[in-house]
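Please open the model in a viewer and keep the selection panel at hand. The stops below concern side-chain pairs and a helix packing.

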Amino acid sequence: MWATLDFEASGLSEFSYPIEVGYSLPSGIDDSLLINPLSASDEWVHWDTFSELHIHGITRDELERDGKQVVDVCQHLNTVLGQYELVFCDSEWDLFWLGRLYHAAHMRPSFMLTEICCWLKQHNGIDRTYFQLALERQGPVKHRARYDAKQIRLALNTVIGNR
(Lines give C-alpha, C1' and ligand atoms only; values in the text may rest on other atoms or scores of the structure.)
Protein backbone atom coordinates (compact mmCIF):
# COMPACT_ATOMS: atom_id res chain seq x y z
CA MET A 1 0.00 0.00 0.00
CA TRP A 2 1.23 3.46 -0.83
CA ALA A 3 0.20 7.11 -0.56
CA THR A 4 1.10 10.24 -2.50
CA LEU A 5 2.21 13.67 -1.32
CA ASP A 6 2.44 17.05 -3.01
CA PHE A 7 3.61 20.51 -1.96
CA GLU A 8 2.91 24.04 -3.10
CA ALA A 9 5.65 26.55 -2.36
CA SER A 10 6.34 30.26 -2.04
CA GLY A 11 8.34 30.09 -5.27
CA LEU A 12 10.89 27.93 -7.03
CA SER A 13 14.23 28.97 -5.61
CA GLU A 14 16.57 27.85 -2.88
CA PHE A 15 15.06 30.58 -0.67
CA SER A 16 11.49 29.35 -1.15
CA TYR A 17 9.61 27.24 1.38
CA PRO A 18 6.53 24.99 1.50
CA ILE A 19 3.21 26.75 1.96
CA GLU A 20 0.76 23.86 1.48
CA VAL A 21 1.09 20.10 1.71
CA GLY A 22 -1.48 17.60 0.50
CA TYR A 23 -1.71 13.85 0.45
CA SER A 24 -3.88 11.17 -1.05
CA LEU A 25 -4.38 7.76 0.56
CA PRO A 26 -5.32 4.44 -1.07
CA SER A 27 -8.69 4.58 0.73
CA GLY A 28 -9.54 7.67 -1.33
CA ILE A 29 -9.09 10.06 1.59
CA ASP A 30 -7.35 13.27 0.49
CA ASP A 31 -6.36 16.19 2.69
CA SER A 32 -4.20 19.29 2.68
CA LEU A 33 -2.81 21.72 5.20
CA LEU A 34 -1.73 25.31 4.75
CA ILE A 35 1.56 26.08 6.50
CA ASN A 36 2.07 29.28 8.50
CA PRO A 37 5.52 30.64 7.51
CA LEU A 38 5.74 32.65 10.76
CA SER A 39 5.91 29.37 12.71
CA ALA A 40 9.14 28.24 11.03
CA SER A 41 12.35 28.42 13.03
CA ASP A 42 14.12 29.43 9.82
CA GLU A 43 13.45 32.75 8.17
CA TRP A 44 10.78 32.02 5.61
CA VAL A 45 10.40 35.40 3.96
CA HIS A 46 10.94 34.86 0.21
CA TRP A 47 7.67 35.37 -1.66
CA ASP A 48 7.18 34.99 -5.41
CA THR A 49 4.21 37.13 -6.43
CA PHE A 50 4.09 35.42 -9.85
CA SER A 51 3.52 32.05 -8.13
CA GLU A 52 0.75 33.53 -6.01
CA LEU A 53 -1.02 35.20 -8.91
CA HIS A 54 -0.50 32.64 -11.68
CA ILE A 55 0.14 29.26 -10.09
CA HIS A 56 -1.30 28.36 -6.67
CA GLY A 57 -3.37 31.46 -5.81
CA ILE A 58 -2.52 31.30 -2.10
CA THR A 59 -1.71 34.61 -0.41
CA ARG A 60 0.83 35.09 2.36
CA ASP A 61 -1.93 36.72 4.46
CA GLU A 62 -4.03 33.57 4.05
CA LEU A 63 -1.11 31.45 5.28
CA GLU A 64 -0.51 33.64 8.30
CA ARG A 65 -4.24 33.65 9.15
CA ASP A 66 -5.23 30.04 8.34
CA GLY A 67 -1.96 28.11 8.19
CA LYS A 68 -0.97 25.47 10.74
CA GLN A 69 2.23 25.57 12.78
CA VAL A 70 5.12 23.69 11.11
CA VAL A 71 5.39 21.33 14.10
CA ASP A 72 1.67 20.49 13.89
CA VAL A 73 1.94 19.85 10.14
CA CYS A 74 4.90 17.50 10.64
CA GLN A 75 3.18 15.64 13.48
CA HIS A 76 0.06 15.23 11.35
CA LEU A 77 2.05 13.93 8.37
CA ASN A 78 3.99 11.51 10.60
CA THR A 79 0.76 10.13 12.06
CA VAL A 80 -1.03 9.73 8.72
CA LEU A 81 1.82 8.75 6.37
CA GLY A 82 4.06 6.86 8.78
CA GLN A 83 1.94 3.74 8.32
CA TYR A 84 2.67 3.48 4.58
CA GLU A 85 5.57 1.51 3.17
CA LEU A 86 5.82 3.90 0.24
CA VAL A 87 4.95 7.59 -0.03
CA PHE A 88 5.42 9.02 -3.51
CA CYS A 89 5.87 12.50 -4.92
CA ASP A 90 6.27 13.42 -8.58
CA SER A 91 9.07 15.99 -8.31
CA GLU A 92 12.45 16.37 -6.71
CA TRP A 93 11.19 19.76 -5.52
CA ASP A 94 8.81 17.91 -3.18
CA LEU A 95 11.80 16.19 -1.58
CA PHE A 96 13.34 19.64 -1.06
CA TRP A 97 10.12 21.04 0.47
CA LEU A 98 9.78 18.06 2.80
CA GLY A 99 13.34 18.58 4.03
CA ARG A 100 12.78 22.29 4.51
CA LEU A 101 9.52 21.69 6.43
CA TYR A 102 10.94 19.13 8.83
CA HIS A 103 14.15 21.11 9.33
CA ALA A 104 12.09 24.15 10.34
CA ALA A 105 10.17 22.01 12.86
CA HIS A 106 13.36 20.33 14.19
CA MET A 107 11.77 16.97 13.43
CA ARG A 108 12.25 13.96 11.16
CA PRO A 109 9.61 12.35 8.97
CA SER A 110 8.37 8.90 10.02
CA PHE A 111 8.09 7.94 6.34
CA MET A 112 10.36 7.88 3.32
CA LEU A 113 9.31 10.15 0.45
CA THR A 114 10.27 8.73 -2.93
CA GLU A 115 10.18 10.40 -6.33
CA ILE A 116 7.82 8.32 -8.49
CA CYS A 117 9.66 8.27 -11.79
CA CYS A 118 12.94 7.09 -10.26
CA TRP A 119 11.08 4.35 -8.41
CA LEU A 120 9.13 3.28 -11.50
CA LYS A 121 12.32 3.00 -13.55
CA GLN A 122 14.19 1.10 -10.82
CA HIS A 123 11.48 -1.34 -9.75
CA ASN A 124 9.31 -1.75 -12.83
CA GLY A 125 11.42 -0.58 -15.76
CA ILE A 126 8.73 1.98 -16.59
CA ASP A 127 9.87 5.17 -18.29
CA ARG A 128 8.91 8.63 -16.96
CA THR A 129 6.98 9.33 -20.17
CA TYR A 130 4.47 6.59 -19.41
CA PHE A 131 3.70 8.07 -15.98
CA GLN A 132 3.53 11.61 -17.40
CA LEU A 133 0.94 10.48 -19.97
CA ALA A 134 -1.14 8.84 -17.24
CA LEU A 135 -0.90 12.05 -15.20
CA GLU A 136 -1.98 14.20 -18.16
CA ARG A 137 -5.03 11.94 -18.65
CA GLN A 138 -6.16 12.92 -15.13
CA GLY A 139 -6.76 16.48 -16.34
CA PRO A 140 -5.00 19.80 -15.85
CA VAL A 141 -2.79 20.35 -12.82
CA LYS A 142 -4.57 22.64 -10.33
CA HIS A 143 -1.45 23.56 -8.31
CA ARG A 144 -3.22 22.90 -5.07
CA ALA A 145 -1.57 20.21 -3.00
CA ARG A 146 -4.59 18.05 -2.16
CA TYR A 147 -5.89 17.95 -5.71
CA ASP A 148 -2.47 17.34 -7.24
CA ALA A 149 -1.67 14.55 -4.74
CA LYS A 150 -4.91 12.84 -5.78
CA GLN A 151 -4.09 13.23 -9.48
CA ILE A 152 -0.66 11.70 -8.84
CA ARG A 153 -2.22 8.75 -6.97
CA LEU A 154 -4.75 8.11 -9.73
CA ALA A 155 -2.07 8.28 -12.43
CA LEU A 156 0.22 5.96 -10.50
CA ASN A 157 -2.66 3.58 -9.89
CA THR A 158 -3.19 3.49 -13.66
CA VAL A 159 0.47 2.69 -14.25
CA ILE A 160 1.12 0.05 -11.56
CA GLY A 161 -2.12 -0.57 -9.68
CA ASN A 162 -2.50 -0.24 -5.90
CA ARG A 163 -0.25 -2.66 -4.08
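Select Arg65, which at 61% relative accessibility counts as exposed; buried means under 20% relative accessible area, exposed over 50% and partly exposed in between, with a 1.4 Å probe and protein chains only. Its partner in a salt bridge is Asp66, at 3.2 Å from N to O, the term denoting a side-chain nitrogen of Lys or Arg within 4 Å of a carboxyl oxygen of Asp or Glu. Asp66 is partly exposed, with a relative accessible area of 39%. The model is predicted: local features need pLDDT of at least 70, side-chain atom pairs count only at pLDDT 80 or more, and totals for chains, interfaces and linings use all residues. Residues are numbered from 1 along each chain as its sequence is written, and side-chain values use heavy atoms, without hydrogens and water.

Next, select Glu20 and Arg144, a salt bridge whose closest N and O atoms are 2.9 Å apart. Glu20 lies in strand β2 (residues 18-24) and Arg144 in the loop between α6 (128-137) and α7 (145-160), so the pair ties together parts 124 residues apart in sequence. Strands (E, at least two residues) and helices (H or I, at least four) are DSSP runs, numbered from the N terminus. Glu20 is buried at 2% relative accessibility, whereas Arg144 is partly exposed at 29%.

Then move to Arg128 and Glu115, where the closest N and O atoms of the salt bridge are 3.3 Å apart. Arg128 belongs to helix α6 and Glu115 to strand β5 (residues 113-115), 13 residues apart. Glu115 is buried at 6% relative accessibility; Arg128 is partly exposed at 40%.
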